[in-house]
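Subject: Structure for you to look through

Dear colleague,

I am handing over the structure that we talked about, and below it you will find my notes on what was found. Please keep the structure open beside the text while you read.

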Amino acid sequence: MHRVLLLEEILHNIFSYLPFQPSIPLFPGLRFPSRNFDLIALARTSKAFKEPALDILWVYLPDLTPLVRCLPEASWVNPDGVYSFNRQLEKADWDIILGYARRVRALPHLRGSFGLAADCLEVLSKPPSPTVPIFPKLRDVGLYMPTKEISRFVRQLISPRLTRLYIGSTENLGNVIDAFGEGCPNVESFKIGQWANPDTISSLICHWQKLCSVDCLPVDLNPTAISHLSRLHNLRHLRFKLHDEAVDWIQSFQSGTSMLTLSALRGLALLSGSLASGLNFLHHLRLPLLNDLSVHPRVIPTMPDLMSFLAMLQETCAHNTLNNFKLILGDSEFDSDDSEVVEDYIPYHITFDHLHPLTAFVNIRSINVDICCGVDLNERELLRLASSWPYLEHFLVCDYKHWTASSAITPGGFVQLLGECRSLHSLHFKFDTRGYTEIPQGHPWCGLSMPKGAHLHLQSSPIEEESIHALGVFFHVAPYPDFRMRTYWNDPDFRDSETSEELCDLYHDRWERAHSLTRRLSEEREKLRRSLAARFSDSDVL
């Protein structure tokens with residue numbers, strides 16, 4: 001064997017190109033057979049290949065059961081898929097466990113008790129040398145719904161090399177969670193899955209100086225944590241629940257024209273009690289590199305709050321960097337309660353004037369505003385807005401309820417919209433098909449195309465019987481006619497409105513027939529294209 005292959009670093013690089021498929025069990029102890037045949041074979045080939053091959057095979061563990069199963073079978077039992085020891089571990093057993101554990105770098109999907117019984121976890125939490133960690137190279141830890149039995153063993157997961165930490169729930173961890181703060185000074189990415197004590201999480205965050213991503217959307221961080229995060233130069237993504245104390249703090253902290261600048265922040269998501277709270281908080285921030293902004297108020301915003309908030313964005317965010325804007329009532333992931341309505345709330349429609357401040361963001365790609373309001377936005381106004389967004393890909397403004405009759409776009413207007421937004425692939429807007437019974441001369445799309453996999457949501461657009469054929473032809477001439485088309489006519493929630501079930505069924509059936517005609521015509525056109533291509537190909541051969 002060539003001497004170069006005796007260098008472990010070179011073997012690591014070579015072996016890293018081999019297929020490696022870590023398994024993620026659905027339940028602790030339940031796994032699929034290993035498919036890493038090449039790496040397993042190399043580990044058994046020679047002593048020179050064994051170490052680098054094992055380093056790759058053990059770099060990731062879905063749970064802790066492999067550390068038990070690597071011991072002689074006489075040392076453990078597996079009743080009901082939960083592993084436990086049936087004898088006391090000896091020094092040779094610990095040498096085996098530590099020999100494999102030192103290679104582990106990622107434990108990102110630890111669930112429950114990790115597939116181990118309480119007595120097994122108790123034994124593993126007491127290694128021979130308390131000062132030597134079981135996982136000295138651990139960089140990635142994910143605790144999904146930890147149980148009470150693992151609280152002592154969790155300390156073995158604390159490593160100074162840890163850079164990513166996910167905690168699904170802190171309920172059964174007790175004070176052990178505090179140890180991650182001082183014991184893991186190099187954490188760069190932190191996420192909490194469920195509500196936890198705000199002071200505990202805030203204190204934990206304040207220990208870390210290298211944070212790049214913080215996802216604490218279920219937790220309302222206190223002013224101390226927010227102040228700490230504002231001083232981090234590498235923070236790129238931040239998601240948290242906005243507490244009133246944080247709003248009061250930033251208002252009292254800032255005076256005159258002084259603003260709090262998060263110079264590196266690319267993504268920000270806020271879950272706030274009201275849009276007014278988000279407005280008061282963001283008003284004192286400057287986000288020069290922000291790409292993604294997502295705000296989730298729990299209370300339906302009033303019209304003045306909405307107008308003030310959208311106008312404020314022009315001062316907070318740079319006009320050429322904001323790409324994605326989302327304003328959605330509540331958050332389905334963490335907010336199970338229904339949306340609330342303030343006492344002085346007056347129903348209103350979102351109009352051109354409300355959305356006009358967003359035209360300052362010339363590079364915006366996605367706009368999603370869904371706050372349980374009506375929509376009053378006609379075709380001319382929609383095209384005026386679109387003329388400022390040449391890179392727009394996704395557009396949704398509110399849901400299907402309370403749309404005015406003029407809030408719709410004609411097929412011809414849709415072609416103009418594609419002319420303004422060449423990358424548009426997802427549109428939620430009503431279609432006005434009244435009188436559209438004739439197919440326009442030439443190419444109805446005027447040479448414009450839709451991206452492959454485009455999605456049109458036509459809301460509650462009526463359609464007349466006489467328009468079915470013309471609309472089927474109109475849509476089939478797109479280069480990618482396999483786009484998805486949806487309406488609300490078959491939506492159970494929509495059927496609870498004033499529209500009768502018979503009319504809902506009628507409109508749904510008509511749109512389905514138009515879409516079916518589109519697919520059939522597209523298939524026929526594709527067959528004709530292939531036939532002509534084959535004929536010309538045969539002629540070239542002759």
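His-109 lies in strand β3, where helices (H or I, at least four residues) and strands (E, at least two) are DSSP runs, numbered from the N terminus. Before going further, please note that this is a predicted model, in which local features need pLDDT of at least 70 and side-chain atom pairs count only at pLDDT 80 or more, while totals for chains, interfaces and linings use all residues. Residues are numbered from 1 along each chain as its sequence is written, and side-chain values use heavy atoms, with hydrogens and water left out.

At 23% relative accessibility, His-109 counts as partly exposed; buried means under 20% relative accessible area, exposed over 50%, and partly exposed in between (1.4 Å probe, protein chains only). The side chain of His-109 makes a polar contact of 3.0 Å with the side chain of Tyr-60. A polar contact is a pair of N or O atoms within 3.5 Å; within protein, one must be able to donate a hydrogen and the other to accept it, and residues adjacent in sequence count only if both atoms are side-chain atoms. His-109 and Leu-143 are 34 residues apart along the chain, and their C-alpha atoms are separated by 6.5 Å.

Strand β3 (residues 106-111) runs parallel to strand β4 (residues 140-144), and four bridges join them, where two strands pair if DSSP finds at least two bridges between them. Within this pair, Leu-110 stands opposite Leu-143 in β4. From β3 the chain crosses through α6 to β4, and this β-α-β crossover is right-handed, meaning that, with the strands pointing away from the viewer, the path from the first strand over the helix to the second runs clockwise.

Which residues of helix α5 (residues 91-101) are buried? They are Asp-93, Trp-94, Ile-97 and Ala-101. These residues cover an arc of only 95° around the axis, which puts them on the same side of α5; the arc is that of the directions from the helix axis to the C-beta atoms. An α-helix has 3.6 residues a turn, so residues three or four places apart point the same way. What covers the buried residues of α5 includes α4 (65-69) and α6 (118-124).

In the loop between α3 (47-57) and α4 you will find Asp-63, which is buried, with a relative accessible area of 2%. A polar contact of 2.5 Å joins the side chain of Asp-63 to that of Thr-65.

**Strand β12 and its partners**

Five of the six residues of β12 are buried, so this strand is largely enclosed by the rest of the structure. Six bridges join β12 to strand β10 (residues 267-272), and the two run parallel, with Leu-293 in β12 as the bridge partner of Leu-268. β12 also pairs in the parallel sense with strand β13 (residues 324-328), over four bridges, and there the bridge partner of Ser-294 is Lys-326. The chain crosses from β12 through α12 to β13 in a β-α-β crossover that is right-handed.

**The chain as a whole**

The secondary structure of the chain comes to 17 helices and 20 strands, and buried residues make up 49% of its 542 residues.

With best wishes

Key:
Contact means heavy atoms within 4.5 Å.
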